[in-house]
Amino acid sequence: MEEVCPNIEPLFDESEEVDAEGNSSVAEHDLESLNSQPKNSPLPTVGLEFDSFEEVYNFYNIYAKEKGFGIRVSNSWFRSKKKERYRAKLSCSSAGFKKKSEANNPRPETRTGCPAMIVIRMVESKRWRIVDVKLQHNHQVSPQSKRFYKSHKKMILEASKSQPPPEPVAEIHTIKLYRTTVMDVDYNGYSNFEGSHDTNFDKLKYLELREGDASAIYNYFCRMKLTDPNFFYLFDIDDGGHLKNVFWADSRSRIAYNFFNDTVTIDTTCLANKYEIPLISFVGVNHHGHSVLLGCGFLGHESVDYFVWIFKAWLKCMLGRPPHVVITDQCKPLQIAVAQVFPHAHHCYSLQYIMQRVPEKLGGLQGYEAIKRQLYNAVYESLKIVEFESSWADMIKCYGLGDNKWLQTLYKDRHLWVPVYLKDAFFIGLIPTKETEGLTAFFDGYVHKHTSFKEFLDKYDLALHRKHFKEAMADLESRKVGFELKTRCNFEVQLAKVYTKEIFTKFQSEVEGMYSCFNTRQVNVNGSIITYIVKERVEGEGNEKGVKSFEVLFETTQLDIRCICSMFNYKGYLCRHALNVLNYNGIEEIPSRYILHRWKRDFKQTFNQFHVSDNIDTYNPVHLYTHLFNNALPVLEVGAQSREHYMVALKELEELLDKFDIEDNNLM
């Protein structure tokens with residue numbers, strides 16, 4: 001049983017006005033006044049969280065002092081068994097009215113029944129969140145007022161102590177307008193930028209905002225936080241009030257990462273190309289093979305410490321679960337930061353980014369076209385490391401490129417970007433294996449060199465809406481009864497029943513490609529492991545036909561199979577050479593280990609069957625949100641299949657929301 005206890009004796013004895021002198025030394029940062037007036041306190045906002053009751057009290061008290069009014073704890077709610085406060089109402093000191101006094105000379109009424117207040121509630125991990133706010137007063141308040149209140153007196157006494165008051169900690173569900181403590185976490189024994197790996201680090205680097213940009217960022221995040229309770233964002237603000245870095249992710253991105261956290265590309269194209277907005281994007285691949293956004297940020301400076309901050313912010317947002325593979329641009333600060341924050345992930349450089357620089361780096365050389373052709377052959381056609389090494393050495397020697405610094409750097413880092421060195425990593429299509437393959441940036445068409453912060457935020461919602469619509473339409477297409485079959489192969493029939501349309505179409509091309517393979521023969525036997533050579537007719541330069549041999553290992557007891565082309569690791573489905581060997585051995589169905597759940601049309605609905613967790617943190621809203629979302633997906637899928645299903649689902653959801661309202665009213 002829970003009880004409500006009106007505060008007869010307020011925690012800080014703040015109910016009356018007093019005279020006092022002094023100034024608070026607590027520093028706050030209002031995003032609206034970043035880079036101009038860093039001493040203004042942020043507005044109380046629904047969703048703002050603090051580590052303790054005292055911290056949220058101090059926050060509201062500082063705000064009240066700047067606006068010219070006092071505060072008091074007008075109500076508290078306690079859990080009767082533990083006598084633990086779990087809810088409270090902090091009001092303007094003019095709230096309510098005094099009890100009538102029977103004294104001969106009663107003191108005059110100073111209260112006005114002012115409605116200004118905030119309601120706070122204890123949430124997960126014993127943190128306090130603002131759940132209701134009213135800013136309007138029914139009496140005059142002025143920052144220039146000389147009047148002082150007891151609540152301010154308490155604040156000054158606290159500020160005068162040697163130990164400064166603790167700052168709110170940025171956590172999930174936080175509207176954070178303070179310098180976040182993510183930057184203060186120990187980095188390999190260093191903190192607060194001391195001992196940085198980047199000798200050119202400059203503390204004064206920050207985001208260069210135009211007029212109106214700061215307001216646009218602030219307003220967008222506040223709006224998102226109110227409409228999307230699981231919207232996450234963090235600001236990194238220096239001691240002078242300058243905005244250095246920003247990170248954010250909406251609930252869709254956080255849910256998407258729960259499904260698609262195997263391989264992540266960190267897109268820094270805007271940084272590399274010196275765009276006006278220093279945008280950094282975290283991008284994955286969904287069950288259709290489409291890019292999916294997993295978070296965004298603005299980076300104030302390309303240095304190790306700044307990258308580390310934004311990586312840690314992203315990791316914090318994703319509940320500390322790092323990806324298995326991280327793909328970035330070729331950049332030394334990025335490499336160091338990834339090693340610090342994702343030490344167990346397989347880090348590699350984006351082959352696409354590197355090859356896009358070939359014209360810029362080599363275009364002025366004599367014989368450029370021939371150099372480019374040999375470079376592409378070495379990168380895309382080498383099946384073995386020795387083939388790449390030989391082809392690269394021939395290119396360097398033939399064209400006298402031994403002194404080319406860019407090629408020297410590429411060769412030194414070859415294990416991070418050349419496909420033949422990356423056969424043990426899992427890329428799910430994020431690494432091109434042919435010259436003609438390419439990946440489109442998530443915000444391609446929405447961002448150009450001179451896009452401003454404000455303009456980007458205006459386009460951001462549009463970009464996400466179109467991406468979500470594309471995924472919804474792909475889901476609809478994939479729910480069709482069957483796909484058009486192009487062969488009589490059992491492998492095609494088998495996967496037509498389970499894969500999404502986009503992935504099935506890609507796999508279907510491998511089934512068709514089986515007919516260009518021939519002369520499958522056994523060349524070696526080592527116990528249960530048999531080595532085969534599969535020949536394939538391929539197109540060479542100028543559409544000339546050629547023949548290429550592929551080595552395939554087949555383990556007969558467990559039905560393990562691996563082709564030297566490594567398509568399964570690169571793309572997530574078996575190649576034509578492996579399919580040929582399976583067919584050669586009379587195997588009519590693809591072994592289940594080579595049918596990835598992430599490509600299945602019902603992957604999201606059945607996700608919980610393969611990722612069951614008995615340790616749901618009931619104090620963590622993101623865990624609750626994710627678990628509920630996963631369990632609700634089957635309802636959404638079936639409900640969207642017809643108008644009749646839709647009406648039933650909508651009616652049940654409305655009744656469920658009504659029950660939530662009743663439960664909330666019972667707790668008041």
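**Helix 10 against helix 11**

I began with how helix 10 and helix 11 (residues 385–398) pack in this predicted model. Angles over 145 degrees count as roughly antiparallel, so I noted the two helices down as roughly antiparallel to each other.

Next I listed who meets whom. From helix 10 I have I371, Q374, L375, A378, V379 and E381; on the helix 11 side they meet E387, F388, S391, W392, D394 and M395. Sorted by class, this contact has seven nonpolar, two polar and three charged residues.

**The second largest pocket**

Staying with helix 10, I turned to the second largest pocket, and helix 10 gives the largest share of its lining, six residues. I read off a volume of about 1000 Å³ for this pocket. Its lining has 33 residues, and Y380, E381, T433, K434 and K548 lie nearest the centre.

By class, I wrote down 13 nonpolar, seven polar and 13 charged lining residues.

**A look at S350**

Last, I looked up S350, in the loop between strand 15 (346–349) and helix 8 (351–356). Is S350 buried or exposed? Its relative accessible area is 9%, and buried means under 20%, so S350 is buried. Leaving aside residues up to four places away in sequence, I found that S350 touches I327 and T328.

Terms used:
Residues numbered from 1 in each chain as written. Predicted model: local features only at pLDDT ≥ 70, side-chain atom pairs only at ≥ 80, totals over all residues. Heavy atoms only, no water. 1 Å grid on protein atoms, 1.4 Å probe; cavity = no way out; pocket = protein on both sides within 12 Å on 5 of 7 lines; lining within 4 Å. Points joined across faces, edges and corners; volume = space filled by probe spheres on them. Helix = DSSP H or I, 4+ residues; strand = E, 2+ residues; numbered from the N terminus. Nonpolar A, V, L, I, M, F, W, Y, C, P; charged D, E, K, R; others polar. Buried < 20%, exposed > 50% of the residue type's maximum accessible area, 1.4 Å probe, protein only. Contact = heavy atoms within 4.5 Å. Axes fitted to C-alpha atoms, helices over the stretch in contact; angles between N-to-C directions. Parallel < 35°, antiparallel > 145°, perpendicular 65-115°, else oblique.
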